[in-house]
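Let's take a friendly walk through this structure together, from its barrel to its loops. Please have the viewer ready.

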Amino acid sequence: MITPSVTELVTTLSGDELPAYVYDLTALAAHAQAVRAALPPAVELYYAAKANPAPRVLAALAPYVTGYEVASGGELEHVRDAVPGQPLAFGGPGKTETELRRALKLGVERFHVESEHELRLLAEIAGAGSHTADVLLRVNLPLGEEELGGAALAMGGRPSPFGLDPDRLERCLGHFTADGRLRLRGIHAHLASGLDAPAQTAVAGRVAAWARELSDRHGLAPTEVNVGGGMGVDYARPDHRFDWAAYGAGLADVARDNPGLTLRTEPGRALTAYCGWYVTEVLDLKHSGGEAFAVLRGGTHHLRTPVTKQHDQPFRVLPDDRWDRSWPRPAVAGERVTLVGQLCTPKDVLARRVPMDTLRVGDRIAFALAGAYAWNISHHDFLMHPHPGFHYLGG
Ligand SMILES: *Cc1c(COP(=O)(O)O)cnc(C)c1O
């Protein structure tokens, strides 16, 4: 799972150069290319920038994606600067008037509208500036057990601050008048995350069918359905990946059942999680109450993912044989070890009670699946430890 170029770099870094985030852009490009190839050519692939908005990551994805989904004015400016000229879709709840004005001025390709109030605001601002806003209405569609089967996080299908309930969405249709300020381009949905390919396909089919019924009922021609992101990343099986081939085949069926519809998907995590590693070293090893703890340089203030998702972050031990102290090297062998960081809180745990063959002070640890919702969701400045180094390989 860890690529040779990452391992090689890690051996060259000194202790003080750790922790470090290492991104393998060659591996990222290969993965994105495979994802693109697995989808039917007509299906558009947007990358949800909030998963990892590092400029080099955004740029490495550019050859393989149709555009980028941004969820704030900050992301809008950032992504536009990092990958100029790429199509942008502006989503997310609570867009401010200033953000909408700026997005209209920049000519974003699509507005994912979350409420009737937001739609009115957009219409007013667009009208005042003689702009046209191309809109996808975000629907909060109830999902059945079949669709929601293994969802880690449901965004829709239950009371939710995201999108519009179907009846409320229907009431918004009257705002798309002939004056052309607002153009209804279709429907957007992002209903769950952590789904496997069969569940994602079921969700896509359900959203597309609902969108078609809506347009049939109102004599409209919404031609686009964005079926969202949320493709599962299995942190317990880091070598296992979302079945893009099965999803691609499923989307081909959905397209066949809904002729004339443009399908779009906007994954974040499942595109970038695999390309990033958070690499550090064991600073201390100790026992307490019969349990072993390894204290690592850094912690969840750099890699918050295991705290937010309540999982053990998968990792590889990279043994380092250097030891020049005058006392015996602290080590554990054949026992369970809990990996913690340097923060003065019991919540600073990266992995719990993991069986370990051997682990010594000074060995290096490379946490996998740290390319999405990792550095950028972490509270970097809590306790004022130095920030990690950042290394981009290839690309
Ligand atoms: C976060 C988000 C995504 C991406 O979700 P992942 O789980 O990272 O694939 C896509 N669309 C919307 C609207 C989102 O909020």
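A polar contact here is a pair of N or O atoms within 3.5 Å; within protein, one of them must be able to donate a hydrogen and the other to accept it, and residues adjacent in sequence count only if both atoms are side-chain atoms. With that in mind, look at the ligand: one of its oxygen atoms is 2.6 Å from a polar side-chain atom of Tyr373. Backbone atoms take part too, with a polar one of Gly268 lying 2.9 Å from a ligand oxygen and a polar one of Arg269 lying 2.8 Å from a ligand oxygen. On its own the ligand has 380 Å² of accessible area, and the protein covers 91% of that; such areas come from the Shrake-Rupley method with a 1.4 Å probe, and for residues only the protein chains shown count as cover. Around the ligand there are 13 residues, of which Lys50, Gly230, Glu266, Arg269 and Tyr373 come nearest. A residue is counted as near when one of its heavy atoms lies within 4 Å of the molecule or strand in question.

A word on the ground rules before going on. This is a predicted model, in which local features need pLDDT of at least 70 and side-chain atom pairs count only at pLDDT 80 or more, while totals for chains, interfaces and linings use all residues. Residues are numbered from 1 along each chain as its sequence is written, and side-chain values use heavy atoms, leaving out hydrogens and water.

Eight strands close into it with parallel pairing, in the order 2-3-4-5-6-8-10-11, and the twist from one strand to the next averages 30°. Helices (H or I, at least four residues) and strands (E, at least two) are DSSP runs numbered from the N terminus, and two strands pair if DSSP finds at least two bridges between them. Strand 2 (residues 44-48) pairs with strand 11 (residues 262-265) in the parallel sense over two bridges, and Leu45 stands opposite Thr265 of strand 11.

Which strands does helix 6 touch as it packs on the sheet? Helix 6 (residues 116-128) touches strand 5 (110-113), strand 6 (133-138) and strand 8 (182-188), and its direction makes about 145° with that of strand 5. Helix 9 (residues 197-218) packs on the sheet as well, touching strand 8 and strand 10 (224-226), with about 145° between its direction and that of strand 8. These angles run from 0 to 180 degrees between N-to-C directions of axes, which are lines fitted to C-alpha atoms, for helices over the stretch in contact; contact means heavy atoms within 4.5 Å.

Now step back to the domains. The domain assignment, whose bounds come from an automatic or database source, gives domain 1 (53-267) and domain 2 (274-393). Their centres, taken over C-alpha atoms, are 37 Å apart, and 13 residues of domain 1 are in contact with 10 residues of domain 2.

Finally, visit some loops. Pro19, in the loop between helix 1 (4-12) and strand 1 (20-24), is joined to Leu18 by a cis peptide bond with omega of about -5°. Gln310, in the loop between helix 12 (305-309) and strand 14 (315-318), has a positive phi of about 55° although it is not a glycine.
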